[in-house]
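Dear colleague,

Please find the structure below.

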Amino acid sequence: MEQKFISEKTQLLDKNGDLAVSGYCEKNRFIYDKSIIKSSALRIKEWDCYQISDEKYTVRIIAADISVGGSVSFSLLNRKTGEKLEKNSLSLLTFGKTNLENDVSRPHFFRCNKNDFDLKILVTP
């Protein structure tokens, strides 16, 4: 498939659960519907990445659910000194239970609360 610029909202997956269009966008325009996926739960891999940067700092949060396990990682990077703070939370046998947002183009809360790791952020596109 040829890469194309996606300028309007479009379905990520076709009716068979395959990639509907190959392309890129500067702002998420894909509509993701988990119910279309025809594959075994063991093959479903989902992740979200949120990043905020300025001249001095980069804050990154990555949430992943690869069915057999899941993770949430938080990192803070001082871009001037190279110092980095990282915190991770791992889970076994998640099978989609991390409840990652289907439509990240609308405001929503992302929450991870495991043991000594408690993170709640409001995501606003």
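Two strands pair if DSSP finds at least two bridges between them; strands (E, at least two residues) are DSSP runs, numbered from the N terminus. Residues are numbered from 1 along each chain as its sequence is written. This is a predicted model, in which local features need pLDDT of at least 70 and side-chain atom pairs count only at pLDDT 80 or more, while totals for chains, interfaces and linings use all residues, and side-chain values use heavy atoms, with hydrogens and water left out.

The sheet comes first. Gln 51 stands opposite Arg 60 in E6. Strand E5 and strand E6 (residues 57-65) are joined by eight bridges in the antiparallel sense. Both belong to an open sheet of four strands, ordered E5-E6-E7-E8 with antiparallel pairing. Its edge strands, each pairing on one side only, are E5 (46-53) and E8 (84-92).

Next come the aromatic rings. Rings of Phe, Tyr and Trp (its six-membered ring) pair if their centres lie within 6.5 Å; planes under 30 degrees apart count as stacked, over 60 as edge-to-face and the rest as tilted. Two aromatic pairs are counted by this rule. In one of the pairs, the planes of Tyr 50 and Phe 110 meet at 50° with the ring centres 6.1 Å apart, so the pair is tilted. This pair links distant parts of the chain, since Tyr 50 lies in strand E5 and Phe 110 in strand E9 (residues 108-114), 60 residues apart. Tyr 50 is buried (under 20% relative accessible area, with a 1.4 Å probe and protein chains only), because its relative accessibility is 16%. Phe 110 also counts as buried, at 8%.

Technical notes: Buried means under 20% relative accessible area, exposed over 50%, partly exposed in between (1.4 Å probe, protein chains only).
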